[in-house]
2 protein chains.
Amino acid sequence: MDNFTFYAPTYFAFGKDTEMEAGKYVKRFGGSRVLLHYGGGSVKRSGLLDRVKHALEQEQLTYVELGGVKPNPRSGLVYEGIELCRKENVDFVLAVGGGSTIDSAKAIAAGAVYDGDFWDYYEGKPVEKALPIGTILTIAAAGSEGSPDSVITKEEGMLKRGATGEAFRAKFSILNPALMQTLPPFQTACGITDIIAHLYERYLTNTEEVETTDRMIEGLMLAMIHEGPRVIEDPNHYQARANIMWAGMMAHNNSCGVGRTQDWTSHDIEHELSAKYDCAHGAGLAVVMPAVFTYNLQHNVMRFAKVANRVWGCPMDFECPERTAKAGIRALQQFLTSIGMPRNFAELGAKEEDIPELAHTACYGNGNSGQIGGFVSLSEEDVANIYRLMVF
Amino acid sequence: MDNFTFYAPTYFAFGKDTEMEAGKYVKRFGGSRVLLHYGGGSVKRSGLLDRVKHALEQEQLTYVELGGVKPNPRSGLVYEGIELCRKENVDFVLAVGGGSTIDSAKAIAAGAVYDGDFWDYYEGKPVEKALPIGTILTIAAAGSEGSPDSVITKEEGMLKRGATGEAFRAKFSILNPALMQTLPPFQTACGITDIIAHLYERYLTNTEEVETTDRMIEGLMLAMIHEGPRVIEDPNHYQARANIMWAGMMAHNNSCGVGRTQDWTSHDIEHELSAKYDCAHGAGLAVVMPAVFTYNLQHNVMRFAKVANRVWGCPMDFECPERTAKAGIRALQQFLTSIGMPRNFAELGAKEEDIPELAHTACYGNGNSGQIGGFVSLSEEDVANIYRLMVF
């Protein structure tokens with residue numbers, strides 16, 4: 001295990017009706033003038049937004065609103081939010097939505113107290129200062145409710161980049177599993193896939209002797225395999241939603257990723273797909289992960305055999321661990337397909353002829369300088385080969 | 001899963017030489033005049049205390065010292081510490097040691113800013129205010145470095161009681177696995193047993209549908225089964241120490257215990273043993289757990305079968321799950337014995353003739369009112385029967 005620091009000071013309020021206490025928590029963490037940030041119509045239609053406004057009003061808090069966050073959130077709205085915060089002297093940003101809304105809120109919170117262009121943070125400047133942020137989560141997926149990360153797409157050039165920093169940890173996050181009961185199965189499955197990806201991208205490490213975090217990751221994966229099909233079958237299954245919601249946070253707050261190198265190849269390769277085809281991030285990951293793992297398998301057969309055996313229940317082939325390792329990747333893909341995820345380029349709406357461009361942007365765009373991958377270092381040619389595995 | 005709140009804002013600095021940064025962290029969290037609190041001679045002999053003092057001096061921090069914390073830490077030293085803090089205008093309490101030292105530091109930190117008797121907190125008053133606390137951990141066991149809990153023994157009547165509250169979460173905890181390399185095997189094994197107990201006491205729940213936290217607990221147990229024997233065999237095994245150290249924190253910061261009823265019967269029943277015979281807490285737990293689990297087995301055979309199958313690798317007997325459940329308890333006991341833990345009253349130095357008194361104090365002392373147990377409600381007679389199971 002490598003040396004590390006870990007600091008996750010987010011207050012979590014978990015369970016039924018917890019959004020009713022939003023005002024109380026904003027106040028506790030020093031807010032008085034709130035930017036209420038959200039996405040499309042669903043938080044309005046469901047009545048959630050009204051309940052949150054009521055909760056703020058009950059504590060005599062004032063707020064301004066900025067809706068309209070889209071999946072793969074854009075810089076345009078971030079600039080708008082920053083201007084609004086300054087004009088209205090906002091001192092707290094409250095995100096009501098999923099990972100996109102939370103990531104957009106984080107960007108606004110940092111930009112509002114920074115003299116330069118907020119995009120600097122997405123080009124590598126550490127995020128050391130931001131308005132306090134709160135979240136009311138409506139989909140378990142990105143883990144942004146407990147992570148120090150944010151991903152924004154800049155319209156100019158469609159650059160999709162991440163920023164990170166302790167100031168991006170929410171002061172509080174409200175997790176009410178019941179808010180997810182209206183989510184369609186496809187979006188639910190995308191969320192589950194994203195959670196599984198966060199676990200795999202940590203599992204695929206070159207650090208040896210990390211059994212404690214390995215076991216935690218395996219445990220969270222096993223829980224997803226148990227709960228995923230239950231919630232796809234019955235979207236109203238509160239308990240399955242609850243288990244997925246807590247796992248989604250734990251998968252990405254990094255308590256199971258400390259002290260080890262991590263991968264993030266699948267995320268990097270997927271980002272190009274959702275940037276170009278505007279597909280759902282989770283759906284893209286479902287297509288990307290099996291291809292990346294197949295391509296990287298020889299780098300550490302035993303690690304892939306371990307996850308295959310312990311998580312997917314594939315019998316260990318002691319004479320040929322590679323067979324076990326491959327069976328694990330097939331089991332992952334079968335699981336993802338079973339919950340409704342796509343399996344190849346065609347199902348995703350991606351095009352084979354774009355592969356050279358995708359591979360080039362993955363390796364040279366987004367601040368990368370030719371090689372990507374924390375587990376295996378991959379060139380543009382490697383990445384093109386990986387995209388090709390997704391065609392069939 | 002039940003509604004819950006979770007807030008664990010401790011900053012962890014993990015790895016080699018991290019104690020050198022103690023001064024930096026004290027400063028970061030607002031300290032300037034430090035109470036340096038520790039136990040016996042080992043932190044002096046190992047040179048750790050000198051390194052910590054040097055780290056404080058480097059940041060121009062002043063400190064006063066209070067050593068002498070004993071296992072099952074006593075109220076007498078707490079009163080002494082409180083007086084010292086007031087006299088010297090201490091604004092930060094830094095514990096250098098194991099759970100006993102940290103628990104004693106927490107009591108002092110709360111008492112120093114409270115007009116009444118600090119013992120009020122150990123009789124149920126919620127701990128809402130305390131001086132900021134930092135820890136430099138020297139043994140993975142109690143989990144106090146990341147928990148909101150403290151257990152103190154009052155000399156008058158030898159009452160051993162716990163207090164809890166958010167103010168008892170350390171501001172920072174320094175976890176250097178190398179500091180544990182000098183620990184004798186017996187103390188190491190006691191620590192591992194305590195960690196396993198923290199996991200079992202959460203696992204034994206009456207809340208249904210808690211698969212995510214079940215899987216996290218199982219994962220942490222599996223990691224202990226892997227790492228325990230390695231570190232007993234080779235006390236210098238840094239990586240095994242590191243895995244145990246992070247697991248010890250995760251086992252008790254409650255991220256794997258949220259949203260469920262918990263048990264704590266084994267801790268309650270053990271407390272009487274260490275209070276009366278001054279045995280090591282972990283050694284007591286090794287004797288207590290198999291007895292408690294055997295006595296409570298019928299309450300939920302499937303839960304015991306689940307941990308037996310998933311953690312201890314006992315084949316599931318689908319016709320008679322009770323056989324699997326019992327095999328799991330035997331496997332636990334065999335594991336604990338294999339790392340050098342006692343198995344019965346005699347090995348612990350406890351006496352059969354004391355059982356009525358032990359059972360009575362367990363059920364009526366320590367603020368209890370006749371029944372104990374969060375998994376199964378146990379009367380004085382039940383508890384006496386459980387103690388009797390430990391005689392052979």
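Predicted model: local features only at pLDDT ≥ 70, side-chain atom pairs only at ≥ 80, totals over all residues.

Residues are numbered from 1 along each chain as its sequence is written, chains are lettered from A and ligands numbered from 1 in the order in which they are written, and side-chain values use heavy atoms, with hydrogens and water left out.

**Stop 1: the interface**

Select the residues of chain B in contact with chain A, where contact means heavy atoms within 4.5 Å. Chain B brings 45 residues to this contact, and chain A brings 45 residues. Together the chains bury about 3,600 Å², with 59% of that on carbon and sulfur atoms. Buried area here is the accessible area (1.4 Å probe) that two parts lose on being put together, summed over both. Now pick B:Met1, B:Tyr7 and B:Trp246. They supply 17% of the area that chain B buries against chain A, more than any other three residues.

Across the interface, 18 residue pairs are in polar contact, both residues being at pLDDT 80 or more. The rule asks for a pair of N or O atoms within 3.5 Å; within protein, one must be able to donate a hydrogen and the other to accept it, and residues adjacent in sequence count only if both atoms are side-chain atoms. Strand E1 (4–7), strand E2 (11–14), helix H1 (22–28), helix H7 (211–233) and helix H8 (238–252) of chain B each supply at least two residues of the side that touches chain A. H7(B) gives the most, with 13 residues. By type, the residues on that side of chain B divide into 25 nonpolar, 13 polar and 7 charged. Nonpolar covers Ala, Val, Leu, Ile, Met, Phe, Trp, Tyr, Cys and Pro; charged covers Asp, Glu, Lys and Arg; the others, Gly among them, are polar.

The interface also has 2 salt bridges. A salt bridge is a side-chain nitrogen of Lys or Arg within 4 Å of a carboxyl oxygen of Asp or Glu. Select B:Glu209 and A:Arg230: their side chains meet in one, at 2.5 Å, N to O.

**Stop 2: strands across the chains**

Show strand E2 of chain A (residues 11–14) with E1(B). They run antiparallel, joined by 4 bridges. Two strands pair if DSSP finds at least two bridges between them. A:Tyr11 has B:Tyr7 as its bridge partner.

Now move to E2(B). Strand E1 of chain A (residues 4–6) joins E2(B) through 3 bridges, antiparallel. Strand E9 of chain B (residues 172–175) joins E2(B) through 4 bridges, parallel. Select B:Ala13. Opposite B:Ala13 stand A:Thr5 in chain A and B:Ile174 in E9(B).

Which residues cover the two faces of E2(B)? B:Tyr11 and B:Ala13 lie on one side, B:Phe12 and B:Phe14 on the other, and all are buried. Buried means under 20% relative accessible area, exposed over 50%, partly exposed in between (1.4 Å probe, protein chains only).

**Stop 3**

A:Lys154 is bridged to A:Leu159. Between the strands are 4 residues, and A:Gly157 takes a positive phi near 90 degrees.

A:Thr153 lies in E7(A). Buried or exposed? A:Thr153 is buried, at 3% relative accessibility. Its contacts include A:Trp119, A:Asn72 and A:Met158.

Go to B:Thr101 in helix H5 of chain B (residues 99–112). B:Thr101 is buried at 6%, and touches B:His37, B:Tyr38 and B:Val69, among others.

**Stop 3: salt bridges within chains**

The structure holds 42 salt bridges over all chains. Select A:Lys27 and A:Glu59, whose closest N and O atoms are 3.3 Å apart. A:Lys27 is in helix H1 of chain A and A:Glu59 in the loop between H3 and E4, so the pair ties together parts 32 residues apart in sequence.

In chain B, select B:Glu65 and B:Lys53, at 2.8 Å. B:Glu65 is partly exposed at 32%, whereas B:Lys53 is buried at 15%.

Finish with the network of salt bridges that links A:Glu211, A:Asp214, A:Arg215, A:Glu218, A:Arg260, A:Arg303, A:Lys306 and A:Arg310.

Definitions and conventions:
Lists of a residue's contacts leave out its neighbours within four places in sequence.
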